[in-house]
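Hi everyone, thanks for making time. I'd like to walk you through one structure today, so let me put it on the screen.

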Amino acid sequence: LFPDGRHGLSYSSLTISTHDKDVSIDSAHVFSTGQDTAFNAMDLYFDKLRLINLDFASLYQAEKIKVDTVFCQNPSVTMKLDLTRRSPTRDREPRDSISFHGTPDSKDRWNKKVKGTRGDESPFNQLSTMLGHLDIGFIDLQNSRIDLTTRIRDKVTPFSTNGNNFQISGLMTGVEGDQPVQVKKVAFAIKNYRAFSADSLYQVRFDSVVYDNRNLFLKNFILGPSDRNDARDVKTVNIPLFELRNLSVNEVIAHQRLQAEELMLIDPTTRIYHFDRKASPRARPLTAIIAEVNKKIEIGRVTMVNGDFLSQSLDEPRKRTEVHGILSSIDAHEMLEAPTYELMGHAIDQLRFAEALISNARSELTLRDARVTGKQELIEAAALEFRSADSSISATLRNARIRGYKFDNALRSVMIDSLGWNSALARLRKMRPLRNTSPTGESTPVPAWQVHA
């Protein structure tokens with residue numbers, strides 16, 4: 001037990017080389033408790049712990065562990081953090097208590113909090129107290145197990161992960177000021193990670209996570225049906241690169257809530273298969289949906305690059321919607337504040353796509369090289385093509401413009417104010433039966449006339 005009465009260390013063997021500035025510890029057990037509550041506790045165990053190029057002078061003179069590299073073999077980390085605030089809320093909340101290397105202006109804009117918005121303690125204040133004074137250039141944790149439990153008043157939230165490798169660069173704790181923990185980069189590969197929906201019918205998977213300069217990257221993110229889900233009407237989302245920019249770690253750890261300036265989706269693919277004749281549950285009010293989303297997510301902007309979307313009816317094969325090559329930028333704050341779906345469309349700063357196909361049993365509509373401007377309720381397309389299911393009517397409009405589109409909250413009724421174009425070609429074909437050529441009375445299309453405009 002160390003002199004402060006809150007930290008302790010035990011081990012089976014210890015090897016120190018002052019010449020090489022190297023320390024190796026076998027079966028290392030490090031434990032610590034917080035200052036202000038019995039709930040705060042940290043327990044670390046390592047099969048082998050190695051510190052390379054340790055600054056012995058800093059350890060002796062300042063009780064500071066300053067080391068270039070730390071290797072941890074089979075670490076087990078158990079941590080409990082009480083984030084319930086003990087003191088009254090100040091006029092301004094403190095800055096996010098973990099520091100990253102964004103621009104000062106962006107930090108100031110993001111970290112300013114109105115009085116009383118959070119009302120809970122930063123996890124990094126507690127973490128810094130338990131870890132002590134650290135200055136570590138690089139940490140490598142191999143085959144780690146991590147169990148984290150946070151408490152805010154009466155709410156206790158657990159999190160655990162096992163068998164993963166972590167790399168941490170530029171870790172500093174015990175720093176004076178409102179940023180007691182500083183980290184440059186965290187990267188870890190997650191093996192066979194799966195999380196299930198409440199009914200276990202859907203699962204989330206991804207391969208690896210990189211946390212760099214306050215940005216979080218998930219690779220090969222997949223949301224899809226689980227092995228228990230044998231239904232045909234399913235949804236799948238595949239995102240090779242999922243990026244959250246300027247993410248608040250405090251909100252994730254303390255409240256399991258995503259708070260970030262921007263969400264970037266690179267090459268996302270969405271597939272939705274549905275039954276049109278299947279009875280659906282009563283639709284929830286839009287305000288209730290938005291309130292629930294706001295509890296878990298606060299994102300400033302959503303950007304999609306090269307997206308691909310398919311919605312396919314299973315009982316009406318010709319009824320489907322496809323959109324390819326989507327590039328979009330949406331103001332998420334404005335969208336979630338909108339009282340109707342129509343006004344949500346005004347949050348679209350830009351939406352471009354290479355091709356969109358909308359078809360049903362009677363017709364097929366295709367838009368090519370199109371752009372949507374939400375606030376102007378304007379859709380512009382290099383080409384708009386219409387074709388009836390029996391090919392009796394077809395039309396192609398060049399440089400088409402759809403103005404003043406409107407739809408209801410059930411998304412069943414769509415109206416437009418005007419449709420314009422620079423040039424157009426329309427074809428109409430008559431269908432008449434062939435004489436004495438087929439006992440079934442099959443017909444063949446015969447051209448009637450066409451119009452250029």
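First, some housekeeping. This is a predicted model, so bear in mind that local features need pLDDT of at least 70 and side-chain atom pairs count only at pLDDT 80 or more, while totals for chains, interfaces and linings use all residues. Residues are numbered from 1 along each chain as its sequence is written, and side-chain values use heavy atoms, with hydrogens and water left out.

Okay, the overview. The protein chain has 7 helices and 27 strands; those are DSSP runs numbered from the N terminus, with helices being H or I of at least four residues and strands E of at least two. Out of 453 residues, 38% count as buried. Buried here means under 20% relative accessible area, exposed means over 50%, and partly exposed is in between, with a 1.4 Å probe and protein chains only. As for contacts, meaning heavy atoms within 4.5 Å, take those in the protein chain with a separation of 6 or more: 56% of them come from residues 24 or more positions apart.

Now, strands. Which strands does β17 pair with? Pairing needs at least two bridges found by DSSP between the two strands. β17 covers residues 297–313 and runs parallel to β15, residues 258–266, with 8 bridges joining them. Another 6 bridges join β17 to β16, residues 269–274, again in parallel. Then there's β18, residues 320–331, which runs antiparallel to β17 with 11 bridges. β17 and β18 make a hairpin, with 6 residues between them.

Next, the inside. In soluble globular proteins, nonpolar side chains tend to be buried together.

On to charges. How many salt bridges does the structure hold? There are 15, where a salt bridge is a side-chain nitrogen of Lys or Arg within 4 Å of a carboxyl oxygen of Asp or Glu. One of them joins Asp-22 and Arg-50, at 2.9 Å from N to O. Asp-22 sits in β3 (residues 22–33) and Arg-50 in β4 (residues 41–54), so the pair ties together parts that are 28 residues apart in sequence. Asp-22 is buried, at 11% relative accessibility, whereas Arg-50 is partly exposed at 36%.

Another salt bridge links Arg-368 and Glu-355, at 2.3 Å from N to O. Arg-368 is in β20 and Glu-355 in β19 (residues 348–359), so this pair ties together parts 13 residues apart in sequence. There's also a network: Glu-243, Arg-245 and Glu-262 are joined by salt bridges that share partners. Within it, the closest N and O atoms of Arg-245 and Glu-243 are 2.8 Å apart. Glu-243 counts as buried because its relative accessibility is 8%.

Last, a few single residues. Most residues other than glycine have a negative phi, and most peptide bonds are trans. Glu-63, though, has a positive phi near 50 degrees; you'll find Glu-63 in the loop between α1 (56–62) and β5 (65–73). Asp-369 also has a positive phi near 50 degrees, and its place is in strand β20, residues 363–373. Is Glu-63 buried or exposed? Glu-63 is exposed, because its relative accessibility is 66%, and Asp-369 is exposed too, at 53%.

That's my tour, so over to you for questions.
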